[in-house]
Structure formats: C-alpha cells, structure tokens
Amino acid sequence: MTAPTAVLQLQDISRHRAGRPAVQRLNLSLDSGQVLGLLGINGAGKSTTLSMIAGALTPDDGQIRLNGEDFLERPELARQVIGWLPERAPLWPELTVIEHLEAHGRLRGLASAALCQARDATLERLDLTALSRRLAGVLSQGQRQRLGLACALLHKPKLLVLDEPANALDPVQVSALRTLIREVADEGTAVILSTHLLAEVTAVCDRVAILHEGTLRHDAAIAGTGHEALEHTFFDIALRGGTGKQAA
Amino acid sequence: MSVLAVTRLELRRLFVRPLAWVLAALTLAELAWRFVLLLGAFLANQIKLGASPSGPGYTDLVAVPMLSSLLTGGLIPFGLIEMALVIVPLLTMASLAGERTQGTLPLLFGTGLPAWQIVLGKYFALLLWLLLWLLLAIAMPLSIAHGVHLDAGKLAAAMLGTLLVLAALAAIGVACSAFSSHPAIAGAASLMIGLALICVNSGAQLAGINNGAINWLALSTHLETLLRGIVSTADLMWFVLVVVFALALATRRLAADKERG
C-alpha cells in the first residue's frame, strides 16, 4: 500500500524580501484533513511563506508541490486547490458581499449552476446571508474577515491558507471560526493557519510549526503537548532564538 | 474564460462606482452642446455650402468634428478624442494601481491567473466602456442622418480612428497603472504620455518637416488620415503596435510584482 500524497510539500523554499532573507530553506508538508498552526513573532516569515503557498509570491529557490504536482510549473493549480485568506482580508469596497463571492467563483472557474449553489451554501455557512447585499466597504472588520473566509472556502479547496483569520473577531466569532476550521478539516481539507495566538493553535491545530528569522525552528504534533509546554517552546525560540526542530 | 472573469469583475466595478457614470454624463452633455453648435453652424451656412457642390457636407462639418477638432479646430476646441486624453487616464488610473493600494492584487494572483490574463481582462473591460461611450456620442449626429447626406464610409473610417485612439490610450493607461503604486501618479503619467503622443511632432511641423520619423511617432499623424476617411494599413499597424507594446509592458511589470513581492 502506497502512502497518500501530501496535499502540500515545501522543499527548501527560500525568499528574500527588502534585501534580507525572509524565508530560508523551509521544508514542510501537510496531509489532507490536517490543521497546521504556523507561529512566529512579527517578521518571522509567516506571511511570506503563506503568500508563496497561495501563489501570490514566487520563491527565489526551492519547490512547492500541491497534490504531488509542481506548483511553480503549474500555477493554475491554485484555482481549484487553494483557498486563501490574506492578512486583513483585502476586499473590493464597491462590491457587495454576494458580488464578491460571485467574482471569486468565476475567477476560480466555477460554472454558473455550481457557483449559485456554492454561493448560497457559503453565505449560510459563514452566517453572511443577512449581509449579502451589503457593500464590502461598510462591513465591520469582523464581517470582512468572514467574507474573506467565505471567498476562500467557496470552491471547496483542498488546501485552506489562513493568515491570522481571528484578527478583529469577537470571542463568539473566534469560537465559531474554530468550529468551522475543524469542520473543514474533518471534510478532508488541509488547513494551514498563521496566528499570534497560542491558544488558537492548541484549540484547533493538529501540528504546530514555529518560524523564527525565516527558518523553521520547531515542527511537532500538538497531541500530548500542553499549552504551557507550547508557550515555553515558543518563547524559547522567540526570545532566545532556540532551535530544536522536532519531527512531526 | 479567466480573462472573461476578470473583465466581468472589472466591468462590474466600473459600473458601480460613480466615477464612470459622472464622467459619461458630463462628457456626453458637453458633446451634446458641441453637436448643437456644430449643427447650428452647418445650418446657418447652408446657402454658402450649397454654392459649392463638391464642398464639405454634414459628415465633414458636424459628424467628424464631434469626434475630434484635429481637422476642423472650430467652434468648440474639444471633441471626443480631445476629451479622451483626460477621461481615459481617469478611468484607467486605478485599474492596477488601485488593486495594489487596496491590497487586492495578491488576491488575483492567488487565483492562479497569469499576469497577461489579468491585464487583458482589465483592458477589455475599459475598452467596452469606451466603446459604449463612443457609440452614445456618435448616436447624436446619426440621429438626424435620415435628413442629411451622410458619407457613411468617411464616418466609419473616422469612428475606426477614434476607436483605435481610445484603445491606444486605454492600453497606455493600463500600463501606467501597472507601473505605479498610486492611481493619481498613474493618471498624470498617462495624461502626459497621451499629450506627448498627440503633439510630439509639433516642433517638426513648425520647422516644415512633415515626413520625419518624429511625425511617424505622433498619434495625430495616423489619426488625421483616418479622420479624412483614408484607411491605411500602416496607420492601423501603428495603433496595434502601441496597444501591444503598452499591454506587454503592463504584463511584464505585473509579473515582476509576483516575483519581487
């Protein structure tokens, strides 16, 4: 029996930004249904890593494989495979919630009937039905995050990339987000979640990876690791630049 | 299909923003006023014009001058093309620079679309808006075509020339927007390039040079023949070259965005 192909494999990817190495020789892999928490202080390289995974930024070096295929050779894989919520959920302020979903659906190549079905289901799932005719420009930050998440989930991606999705959400919305992430993962979607919140990671993730100065310093399963142990590891890396990469 | 998706998105954004509507309303009102003045002058000179059967008619004195004052100067200095020098940069300035400012450009990259599809999608949307604008403007002189003698061939050539100018200005606008982080800078650059292309040969013409390379560079040289009703492949190719060159530059710059981050 052959092992299942990982949804995402990063092999030695590196990227310079503003003249300094933002990500250096990063190796990661993620299987279907797995939730990976990506931790790191500001400037650790989390957003750069996620932008490369989402196809918005090209690595200087290394390889990204999606479902075993070379993503850099075939960037069009992003259309069906990846759903991405960038930091601060950028939106077109003059378009309504429903127009956002329709535009994203068309850009992802959904046919009309499938688009209508996916749009209505996603609006309901993200509790956006009541806001569907509202302009994105007048939404609160929490509502914007939900709309961004809806756009990322619309086409049922195999890999969901979330860059600080809990930003500006109230505690009730954070709880709903955690439930949603677990549901999506249970449906077989691999999720990579960048966050500053250690509690977020222990609550929803199966694995945690810690980046520091663009390098992977820690990669381990969450199971059996308490919040305090994770906090200790994180602060050791963040404050003292500790290493000690562990096998997942 | 992907180009069409970008075109639909851009058209939707154009039509829900007030800018496009306000520009269309104001410019069409100005053109309507221009039409009334041109028609009034044409009617007032009927006796004089009737004396020379081979002289200029409705097409030369009303329909074509609606599009440009390049040949006629005349009553009101600004025809549709002269207005387009300002209108097109206003419409195109935010097409890519705005996406960059709002942070939505990575979203488009994240859908796996190559840069050329994003550029073409946006360009086609702008072109459709400009085509609609041109059709609404030309509907004014055409509305009384049944009562006058209209030179359909000459008007068609002038419309083709106008459409090509709009296409070239839109391509230049999209390119400027691709190269700029701020829509206002893109708009100003696009306006300056458009003006430069119109009058780059003014100095040479004043010096009596009419066949130099600098005249070939000028947009007005190629537009003038089309406005006179003469369609030449060389002129058409000039416009095609400008459009392809500008869109290729825009694509290259956008692709570099993804590389540079």
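Two residues are in contact if their C-beta atoms, placed from the backbone, lie within 7 Å. The legends below use the word in that sense and describe a predicted model.

**Figure 1. Contact of helices α2 and α5 in chain B of the predicted model.** From α2(B), the residues B:Leu19, B:Ala20, B:Leu23, B:Thr27 and B:Leu31 meet a set in α5(B) made up of B:Leu80, B:Met83, B:Ile87, B:Leu90 and B:Leu91. Sorted by class, this contact of α2(B) with α5(B) comprises 9 nonpolar residues, 1 polar residue and no charged residues. Helix α2 of chain B spans residues 18-44, and its axis lies 11 Å from that of α5(B), at an angle of about 170°. Because angles over 145 degrees count as roughly antiparallel, α2(B) is described as roughly antiparallel to α5(B). B:Ala32 also belongs to helix α2 of chain B. This residue is partly exposed, because 14 other C-beta atoms lie within 10 Å. B:Ala32 and B:Arg228 are 196 residues apart along the chain, and their C-alpha atoms are separated by 22 Å.

**Figure 2. Packing of helix α5 on helix α9 in chain B.** Helix α5 covers residues 80-92 of chain B and packs with α9(B) at an angle of about 30°, the two axes being 9 Å apart. The angle therefore makes α5(B) roughly parallel to α9(B). The two helices, α5(B) and α9(B), form a right-handed crossing. On the α5(B) side, the contact is made by B:Leu80, B:Ile81, B:Ala84, B:Val88, B:Pro89 and B:Thr92. On the α9(B) side, the residues are B:Thr162, B:Val165, B:Leu166, B:Leu169, B:Ala170, B:Gly173, B:Val174 and B:Ser177. By class, the contact of α5(B) with α9(B) holds 10 nonpolar and 4 polar residues, with no charged residues.

Figure 3. B:Val174 counts as buried because 32 C-beta neighbours fall inside 10 Å; the cut-off for a buried residue is 20 or more. Apart from its neighbours within four places in sequence, B:Val174 is in contact with B:Thr92, B:Ser95, B:Leu96, B:Val119, B:Lys122, B:Tyr123, B:Ala246, B:Leu247 and B:Ala250. Between B:Val174 and B:Val88 the C-alpha to C-alpha distance is 9.7 Å, while the two are 86 residues apart in sequence.

**Figure 4. Crossing of helices α9 and α10 in chain B.** The axes of α9(B) and α10(B) are 8 Å apart, and the helices pack at an angle of about 140°. This angle makes α9(B) oblique to α10(B). The crossing in which α9(B) passes α10(B) is right-handed. Helix α9(B) contributes B:Leu169, B:Ile172, B:Gly173, B:Cys176 and B:Ser177 to the contact, and α10(B) contributes B:Ala186, B:Ala189, B:Ser190, B:Ile193 and B:Gly194. By class, the contact of α9(B) with α10(B) consists of 6 nonpolar and 4 polar residues and has no charged residues.

**Figure 5. Buried residues of helix α13 in chain B.** In this helix, which runs over residues 219-227, the buried residues are B:Leu219, B:Thr221, B:His222, B:Leu223, B:Leu226 and B:Leu227. Just after α13(B), B:Gly229 adopts a positive phi of about 95°.

**Figure 6. Contact between chain A and chain B.** Chain A supplies 25 residues to this contact and chain B supplies 21 residues. On the side of chain A that touches chain B, the elements giving two or more residues are α1 (46-54), α2 (77-81) and α3 (97-107) of chain A. The largest share of that side, 4 residues, comes from α3(A). The residues on the side of chain A that touches chain B divide into 13 nonpolar, 4 polar and 8 charged.

**Figure 7. Confidence of the predicted model.** The model scores an ipTM of 0.86 and a pTM of 0.90. Chain B has an average pLDDT of 90, with 97% of the residues scoring at least 70. Chain A has a mean pLDDT of 89, and 95% of its residues reach 70 or more. Over residues 244-248 of chain A, the pLDDT is below 50. This stretch of chain A has 12 contacts in the model beyond near neighbours in sequence.

Notes: Residues are numbered from 1 along each chain as its sequence is written. Chains are lettered from A and ligands numbered from 1 in the order in which they are written. This is a predicted model: local features need pLDDT of at least 70, side-chain atom pairs count only at pLDDT 80 or more; totals for chains, interfaces and linings use all residues. pLDDT is the predictor's confidence in each residue, from 0 to 100. A residue is buried if 20 or more other C-beta atoms lie within 10 Å of its own, exposed if 12 or fewer, and partly exposed in between; C-beta atoms are placed from the backbone. Axes are lines fitted to C-alpha atoms, for helices over the stretch in contact, and angles run from 0 to 180 degrees between N-to-C directions. Angles under 35 degrees count as roughly parallel, over 145 as roughly antiparallel, 65 to 115 as roughly perpendicular and the rest as oblique. A crossing is left-handed if the near helix is turned anticlockwise from the far one by less than a right angle, and right-handed if clockwise. Ala, Val, Leu, Ile, Met, Phe, Trp, Tyr, Cys and Pro count as nonpolar, Asp, Glu, Lys and Arg as charged, and the others, Gly among them, as polar.
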